[in-house]
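Subject: Structure handover

Hi,

Here is the structure you wanted to look over. My notes on the helix contacts and the cavity follow below it.

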Amino acid sequence: MVIMHASFTTSSPDRRQRRSSQTRERLFRAALDLFAKHGFADTTVADITNAADVGKGTFFNYFPSKDHILLAFAEMQLSKLESIIDNLRTTNEPVPQFLSTLAVRMTEEPGRNPSLMRVLLLANLSSTPVRDGMRINQTRGHQLLTEFVEIGQRRGELRRDLPAGDIAHVFRQTVFGTLLIWSLYGDDSLSARIRTAFDVLWQGLSPRDGMARAVPAVQQEARHES
């Protein structure tokens with residue numbers, strides 16, 4: 001009887017895992033809310049655990065430091081991008097539709113709070129641990145976007161006269177620039193701004209007849225001259 005009672009009251013691995021995920025999510029969301037309200041520098045780990053209603057020591061079971069909350073946010077965005085690219089690999093989704101999906105999915109979290117976006121951008125510039133982690137994520141993000149461009153080029157939906165990696169750089173710069181400008185205004189225009197930026201990009205990236213070799217040739221001449 002004792003053994004049966006013990007097995008009944010012990011949490012199953014699945015239940016423990018769910019509770020752990022819920023605790024991590026509470027800490028993550030509480031931290032983001034506090035960062036947006038008070039700023040990253042003025043928010044302490046104690047503030048976060050109080051808001052999440054957990055013990056202070058619990059925080060470090062999930063995040064090595066406060067900086068890692070911001071890295072977790074970036075990793076969440078990267079996971080979304082990976083999921084979208086994975087879908088592109090296995091379907092024939094047209095590039096314009098892909099861009100529309102990308103615009104919606106990638107602006108869900110930043111669009112919740114412009115203040116949070118300002119905090120993330122500032123920490124990316126001022127915090128060495130965050131900056132180093134962001135560089136790793138940015139490298140992975142660039143690889144994924146380069147793969148997207150290569151898929152589009154193979155399908156004939158994107159221009160082929162520019163290297164895929166260069167186009168991916170422009171893509172990232174466009175997104176970051178749009179996020180930065182939007183964060184200064186703090187309104188509800190992020191989705192519209194991203195869609196407009198992607199529309200302009202699409203016009204520039206559409207296939208061009210008779211231009212398949214033009215830019216690489218110019219680039220090759222420039223290399224010889226340098």
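First, a term: a crossing is left-handed if the near helix is turned anticlockwise from the far one by less than a right angle, and right-handed if clockwise. By that rule, H5 passes H6 in a right-handed crossing.

Some ground rules. This is a predicted model, where local features need pLDDT of at least 70 and side-chain atom pairs count only at pLDDT 80 or more, while totals for chains, interfaces and linings use all residues. Residues are numbered from 1 along each chain as its sequence is written, and side-chain values use heavy atoms, with hydrogens and water left out.

**H5 and its partners**

Helices are DSSP runs (H or I, at least four residues), numbered from the N terminus. The axes of H5 and H6 come within 10 Å and cross at roughly 160 degrees. Axes here are lines fitted to C-alpha atoms over the stretch in contact, with angles from 0 to 180 degrees between N-to-C directions. That makes H5 roughly antiparallel to H6 (over 145 degrees; under 35 is roughly parallel). Gln77, Lys80, Leu81, Ile84, Ile85 and Leu88 in H5 meet Phe98, Thr101, Leu102, Arg105 and Met106 in H6. Contact means heavy atoms within 4.5 Å.

H5 (residues 67-90) also pairs with H8 (residues 128-154): their axes come within 10 Å and cross at roughly 10 degrees. So H5 is roughly parallel to H8. By class, this contact of H5 with H8 has 14 nonpolar, three polar and six charged residues. Ala, Val, Leu, Ile, Met, Phe, Trp, Tyr, Cys and Pro count as nonpolar, Asp, Glu, Lys and Arg as charged, and the others, Gly among them, as polar.

**H9 and H10**

The axes of H9 and H10 come within 10 Å and cross at roughly 155 degrees. H9 is therefore roughly antiparallel to H10. Their crossing is right-handed.

**The cavity**

A search of the whole structure finds one cavity of 30 Å³ or more. A cavity is a set of points on a 1 Å grid over the protein atoms alone where a 1.4 Å probe fits but cannot get out; lining residues have an atom within 4 Å of a point. Of the 27 lining residues, Gln77, Met106, Gln138, Val175 and Phe176 are the closest to the centre. H8 gives the largest share of the lining, six residues. The lining divides into 19 nonpolar, seven polar and one charged.

Best wishes

Definitions and conventions
Helix = DSSP H or I, 4+ residues; strand = E, 2+ residues; numbered from the N terminus. Parallel < 35°, antiparallel > 145°, perpendicular 65-115°, else oblique. 1 Å grid on protein atoms, 1.4 Å probe; cavity = no way out; pocket = protein on both sides within 12 Å on 5 of 7 lines; lining within 4 Å. Points joined across faces, edges and corners; volume = space filled by probe spheres on them.
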